[in-house]
Amino acid sequence: MPANWPRTSRPTSRKPTATRTSTRPWPASARAGSLDPYTVPDRGRGGEPRPRRARPRPQEGRPPMSDVRVRFPPSPTGYLHIGSARTALYNWLFARKHGGKLVLRIEDTDAERSTEASIRGIIEGLEWLGIDWDEGPYFQTAFRDEHVAAARRLVAEGHAYPCFCTKEELDARREAARAAKGDYRYDGTCRRLAPDEAAARVARGEPHVIRFRVPDEAGSVVFEDKVYGRLEKAYADLEDFVIVRSDGSPLYLLSNVVDDVRDRISHVIRGQDGLANTPRQILIYRALGAPIPVFAHMPLTLDPQKAKISKRKHGEIVAVQFYRDNGFLPWALCNFLVLLGWSPGDDRELFTREELIQAFSLERINRANSVFNYNKNDPKFFTDPKALAVNAHYLRTMPVEDLAGLVEAELRAEGLWDDAYAGERRDWFLRTLDLIRSRFHTLKDFPRAGRAYFADDYAIEDRAYKKNLAKHPDLAGWLPRLADRLAGLAAFTPEATEAAIRAYAEGLGVKPGVLINGVRAVVTGQLAGPGLFEVLDVLGQDRVVDRLRRTPERFAERSG
RNA sequence: GUCCCCAUCGUCUAGCCUGGCCCAGGACACCGGCCUUUCACGCCGGCGACAGGGGUUCAAAUCCCCUUGGGGACGCCA
């Protein structure tokens, strides 16, 4: 059972790996040219109905995919959020399934956000989840020269051109178009400049950006998305987009492609919000003469109001770290996350790591966005109930030996840890965990609801006091006397304590439940819990007797 | 506004491509029962959906069209 799978031990260098030799960015061979299978002639309007978006299904007995290389390219924004984590997970699963490689590439071109701390946040999130990578982290800024060189090449080969239009002009035109309720696309002013005139102006030092030249012939970019099926975008719907800023720095659309080409990425698995970029990126691949990867766009994760989840709007609840800090098991989070947009096709929902890798496939990713169903004001569920249910499931079914290490960390953090729990009291520790875990939902429940098992300074819950103590004030006298009886027991076994308590109840003429529940309240502080006699057994004679003798104090605490 | 994508229980989903086995299956949540000293676990049962309208067909959740609703993209952000 992988609920506590080993933390990745991969030594991740925190420094840019710029030293990595980056030869053959793209195969100098295959110029895309007119044989490009991704270009189709415009079929014109009307006529046949739109082709059904049927997705290819995995064929039986297909050969293993060779050289699967995927990447996870987060831009550091402070921490790993669950949407990104899910993207990373899908990539990771796909790589592992096909014996491929996962590349971690930090897109750190936004210097503002890319602090050491926010990069660390991403990496720690991945490590905690158990998503390990095979290459990287690479840093996008380290490859800036490559990006610029690619842009130059595109200009030299006529796939891009310098544009001298100023931002102000463009903004004005865009504004005007919008005011006229039309849609705006770059009008191609500089596209029509004579090459030598453009070159001259560049030589003169005129500020300019570099724009990609979208084919102006009829036709469209077509690609087969693994999730959405055949997608088509008419050239006419694309504008000549900027690939290099006027300060000479390359833009995402370009850098991303150049990096993917260099890293020999075979499958681009990313959020559906990248779908609109895909046709433009395919154009860049083509212009670069690079092989085009397979694309798989995954549906987005929305909040209950159907808005895209984001750090700004939703805060910590969408941070992977939040789940770590709130007692989630990493694998439970992964298992929950994978279900947001994917299913195995049968009724299974809980998987071991190996089972999930085996079951995962791009073809079974759903097309519809999913809702991350958390409710800030829900007193019972601090996050999506299903996430909690998955976590609780692993908590009570994982090997108790694996659980022990995780609970140890929680107890240590609260100062409740005793080294004996790992030594001569190890058996006791495991037995106790096993006894109490079936009603817990997170690791935090062990030091909280479970505190009385590991410490003597536990509080008595209000509800437990009201229901099981306050209603029977006589318990203040009964329980210390019961303590005397229990103290006299030669063998402090569940059978013996049960017999003693029932006998005492009978003598008192009260229902056994009154004593049983009262004892539970005093001895554990809780309203509910495991069978009392097992609890007493685990707590041990001395503790039980001592706690019961102090019952009057418990009443006094309350009446004061 | 323009382009694109999506649409099954409250939520996550199966079924849709290859129409009949679906008056729609599973999970979570909720409700009830069993177990029981409590609560949980476990087991049993219940509530609960094909967005609407047109077609096509002997037959439609499944195919087609329209409407509605939701989402995404439209940056010298990534």
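Let me start with a helix. Helix H1, residues 82-97, lies across S2 and S3. Its direction is about 165° to S2. Keep in mind that this is a predicted model.

Helix H2 covers residues 116-129. H2 lies across S2, S3 and S4 and runs at about 160° to S3.

Now the sheet under discussion. What is the strand order? S2-S3-S4, three strands in an open sheet. The pairing is parallel. Strand S2 is 69-72 and strand S4 is 135-139. Each of these has a single partner strand, so S2 and S4 are the edges, and one side of each has no neighbour in the sheet. On average, neighbouring strands here are turned by 25° against each other, ignoring direction.

A closer look at S3 and S4. Strand S3 spans residues 101-106. Three bridges join S3 to S4, and the two run parallel.

How many bridges join S5 to S6? Four, with the strands running antiparallel. Strand S6 is residues 209-212. Cys 163 has Val 209 in S6 as its bridge partner.

On to the RNA. There are 64 residues around RNA strand B. Which come nearest? Lys 233, Arg 245, Gly 341, Glu 349 and Arg 439. By class, the surface near RNA strand B divides into 22 nonpolar, 18 polar and 24 charged residues.

What part of the RNA faces the protein? Of the atoms of RNA strand B within 4 Å of the protein, 74% belong to sugar or phosphate. The rest belong to bases.

First up, Asn 369: an N or O atom of its side chain is 2.9 Å from a sugar or linking oxygen of RNA strand B. Then Lys 386, where a side-chain N or O atom is 2.9 Å from a base nitrogen of RNA strand B. Then Gly 531, where a polar backbone atom is 3.2 Å from a base oxygen of RNA strand B.

Which elements give two or more residues to this surface? Helix H4 (167-179), strand S13 (370-371), helix H12 (385-397), helix H19 (512-524) and helix H20 (532-539). H12 gives the most, with four residues.

Last topic, a helix pair. Helix H17 is residues 475-487 and helix H22 is residues 551-559. The two axes come within 8 Å and cross at roughly 155°. H17 and H22 are therefore roughly antiparallel to each other.

Who makes the contact? From H17, Leu 475, Ala 476, Leu 479 and Pro 480. From H22, Thr 551, Pro 552 and Phe 555. Between H17 and H22, the contact residues divide into six nonpolar, one polar and no charged.

Definitions and conventions: Residues are numbered from 1 along each chain as its sequence is written. Chains are lettered from A and ligands numbered from 1 in the order in which they are written. This is a predicted model: local features need pLDDT of at least 70, side-chain atom pairs count only at pLDDT 80 or more; totals for chains, interfaces and linings use all residues. Side-chain values use heavy atoms; hydrogens and water are left out. Two strands pair if DSSP finds at least two bridges between them. Axes are lines fitted to C-alpha atoms, for helices over the stretch in contact, and angles run from 0 to 180 degrees between N-to-C directions. Contact means heavy atoms within 4.5 Å. A residue is near a molecule or strand if one of its heavy atoms lies within 4 Å of it. A polar contact is a pair of N or O atoms within 3.5 Å; within protein, one must be able to donate a hydrogen and the other to accept it, and residues adjacent in sequence count only if both atoms are side-chain atoms. Ala, Val, Leu, Ile, Met, Phe, Trp, Tyr, Cys and Pro count as nonpolar, Asp, Glu, Lys and Arg as charged, and the others, Gly among them, as polar. Angles under 35 degrees count as roughly parallel, over 145 as roughly antiparallel, 65 to 115 as roughly perpendicular and the rest as oblique.
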